[in-house]
Amino acid sequence: MAASTSMSSAPQRRSPYPGWFFLPAAVIYTVLFLTPTFASLYFSLTRWSLFSSTFIGFDNFVQFFREPFLVQGLINTVIYAGVTSSLKVVLGLLLAVLLTSNIIARGVLRSLVFFPVLVSTIGVGITFTALMHPTNGMINEGLALLGINGPGWLTDPNLALLSVAMVDVWKGVGLATVIYIAGIVAIPADYYEAARIDGATKLQNFLYITLPLARPATATVIILSFIGGLRTFDLIWAMTRGGPGFASDTIASVIYKQYQSGFFGLSTAGNVVLFVLIAILVVPLTMFLNRREGHQ
């Protein structure tokens with residue numbers, strides 16, 4: 001009670017800057033972010049072209065969820081985000097543990113792991129499209145030398161989405177590794193020294209020290225990877241253009257196709273659906289991870 005009285009009576013800390021200092025930032029934020037957001041919300045309720053628009057209510061959203069390939073794109077988006085973010089967390093953590101240990105050429109290995117992050121996504125997509133060619137691709141030719149008939153990585157409807165997801169993991173795991181390395185090296189060495197004196201094994205060090213104390217890095221990797229997976233477009237477009245058929249379409253590629261076909265209102269509604277999907281999935285996930293972090 002005394003503590004709460006003391007807190008309520010404590011003087012509030014005032015900002016040393018006057019309020020109008022924030023006005024330029026508020027204007028830029030309003031012009032560049034708030035205005036396009038609300039304009040998109042309005043145009044998603046219209047049938048519009050470059051010179052006119054007609055208000056049609058929620059018809060675009062009704063049509064969106066009635067089209068099977070649009071719903072398939074929605075499902076593919078969630079699968080893609082789940083697979084890529086899960087693998088980046090697991091592989092990023094394992095690589096970070098390896099690259100923070102005393103191994104030969106550690107600096108070179110760190111550079112090699114991070115290198116794909118620096119390469120253009122379109123360039124990666126074009127390169128792996130050639131490597132995964134069903135007959136002339138280097139991957140299937142390598143498998144043929146072992147007597148294995150390689151599948152159509154990008155032409156099989158059951159494999160196309162996962163094949164692109166694997167390439168996404170290869171390209172993005174370097175960033176996850178760097179985040180984990182930063183989290184692991186920040187753990188005080190005293191914990192490991194105390195565990196060594198108690199006779200703890202390397203596995204016990206990992207399970208009871210590294211894994212729990214690297215939780216902030218885990219939360220960061222999960223959130224960044226999951227949002228990136230939900231918004232993915234360039235790699236999908238470079239490798240499959242959503243094909244074969246609609247097997248590897250995500251919401252972003254579907255939206256682009258609708259724009260190309262002139263269905264501007266429907267594609268804008270798809271943008272709103274994507275925005276709502278990210279908010280529904282990421283906001284609770286962020287709150288959960290931050291709450292768990294606060295309990296440590």
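How are helix 8 and helix 11 oriented to each other, roughly parallel or roughly antiparallel? I took this up as the opening entry, keeping in mind that the model is predicted.

**Entry: the helix pair.** I looked up the axes of helix 8, which covers residues 160-185, and of helix 11, and found that they come within 9 Å and cross at roughly 165 degrees. Since angles over 145 degrees count as roughly antiparallel, I therefore noted helix 8 and helix 11 as roughly antiparallel to each other. I also recorded the handedness of this crossing, which is right-handed.

**Entry: their contact.** I then listed the residues that meet, and on the helix 8 side these are A176, I179, Y180 and G183, while helix 11 brings A217, T218, T220, V221 and L224.

**Entry: the nonpolar cores.** I turned next to the largest nonpolar core, which has 22 residues, and noted that F61, L230, I251, V273 and V282 are the ones touching the most other members. Two or more residues of this core come from each of helix 3 (59-66), helix 4 (68-99), helix 11 (215-230), helix 13 (251-261) and helix 14 (264-294), and I marked helix 14 as giving the most, with nine residues. Apart from this core I found another, of 13 residues, which includes A96, I181, I184 and V221.

**Entry: one residue followed up.** For I251 I looked up the contacts, leaving aside residues up to four places away in sequence, and wrote down G73, L74, T77, G270, V273, L274 and L277.

Terms used:
Residues numbered from 1 in each chain as written. Predicted model: local features only at pLDDT ≥ 70, side-chain atom pairs only at ≥ 80, totals over all residues. Heavy atoms only, no water. Core = buried A, V, L, I, M, F, W, Y, C linked by side-chain atoms within 4.5 Å. Buried < 20%, exposed > 50% of the residue type's maximum accessible area, 1.4 Å probe, protein only. Helix = DSSP H or I, 4+ residues; strand = E, 2+ residues; numbered from the N terminus. Contact = heavy atoms within 4.5 Å. Axes fitted to C-alpha atoms, helices over the stretch in contact; angles between N-to-C directions. Parallel < 35°, antiparallel > 145°, perpendicular 65-115°, else oblique. Left-handed = near helix turned anticlockwise from the far one by under 90°.
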